[in-house]
Amino acid sequence: MAVGLLMSSAIGALLATAVPAQSPSTGIVDPPPDRIVIKVATVNGSGCPQGTAAVAVSPDNTAFTVTYSDYLAQVGGGSDPTAFRKNCQLNLVVHVPHGFTYAVASADYRGFASLQPGASSVQRASYYFQGSSNTEFRSHPFRGPYNDNWQATDTTDWAQLVWAPCGVQRNFNINTELRVGAGSSNPAETSFMTMDSTDGDISTIYHLAWKECPDT
């Protein structure tokens, strides 16, 4: 299934500033001036039913945003027994200007959680390029009692960045997961965690680093 690319300057205020100019030690360069295009090739998972995830690219090419509108995991009360875990795998086609490659330097996740005393939850994400054995995992746990917005940030040291291979098209995969455990909480009470909200969509922001490909 394909999800249309959404472009909006309104997200600019949410996005990080540009990656610094080229550093001799890292090879990191300013974002290429030409436009990049990111499209969702496929989106699969219980946390992102058809039509509930979309992608937008920042005007300065330093980040892209994934917006979810139906990403909810819950336990207790009248919850479906399978609702304790929700996931979403995005398979992204990234077209970048010739001579450049990119890596995801950090990711910001936001949502809302309502956890009863004794309950817990975790937000987890993994990142990898199609055909690559390098997969990065990050997890962020939360414990009840908790009833508030939440935010989690995944960061990668420059030396550990996984770069898209130069000269070939490799789709980028992001697999996210929300999991809620009842623990010792009252089974009649509901605990939940979302990557959406009742008053608007939640946007997950991925910040990009850029470098020039070697001459071939």
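Cys213 counts as buried, at 15% relative accessibility; buried means under 20% relative accessible area, exposed over 50%, and partly exposed in between (1.4 Å probe, protein chains only). Cys166 is partly exposed, with a relative accessible area of 36%. This is a predicted model, in which local features need pLDDT of at least 70 and side-chain atom pairs count only at pLDDT 80 or more, while totals for chains, interfaces and linings use all residues. Residues are numbered from 1 along each chain as its sequence is written, and side-chain values use heavy atoms, with hydrogens and water left out.

The structure holds 2 disulfides, a disulfide being a pair of cysteine sulfur atoms within 2.5 Å.

| Disulfide | S to S | Torsion about S-S | Hand |
|---|---|---|---|
| Cys48 and Cys88 | 2.1 Å | 100° | right-handed |
| Cys166 and Cys213 | 2.0 Å | about -90° | left-handed |

In sequence order, the bonded cysteines of the protein chain pair as 1-2, 3-4. Cys48 is buried at 2% relative accessibility, and Cys88 is buried at 0%.

The largest nonpolar core has 43 residues. Such a core is a set of buried Ala, Val, Leu, Ile, Met, Phe, Trp, Tyr and Cys residues joined through side-chain atoms within 4.5 Å. Among the residues with the most contacts inside this core are Phe64, Tyr68 and Trp150. Leaving aside neighbours within four places in sequence, Phe64 is in contact (heavy atoms within 4.5 Å) with residues including Ile38, Val55, Leu92, Ile174 and Tyr206. A second, separate core of 6 residues includes Ala103, Ala105, Leu161 and Ala209.
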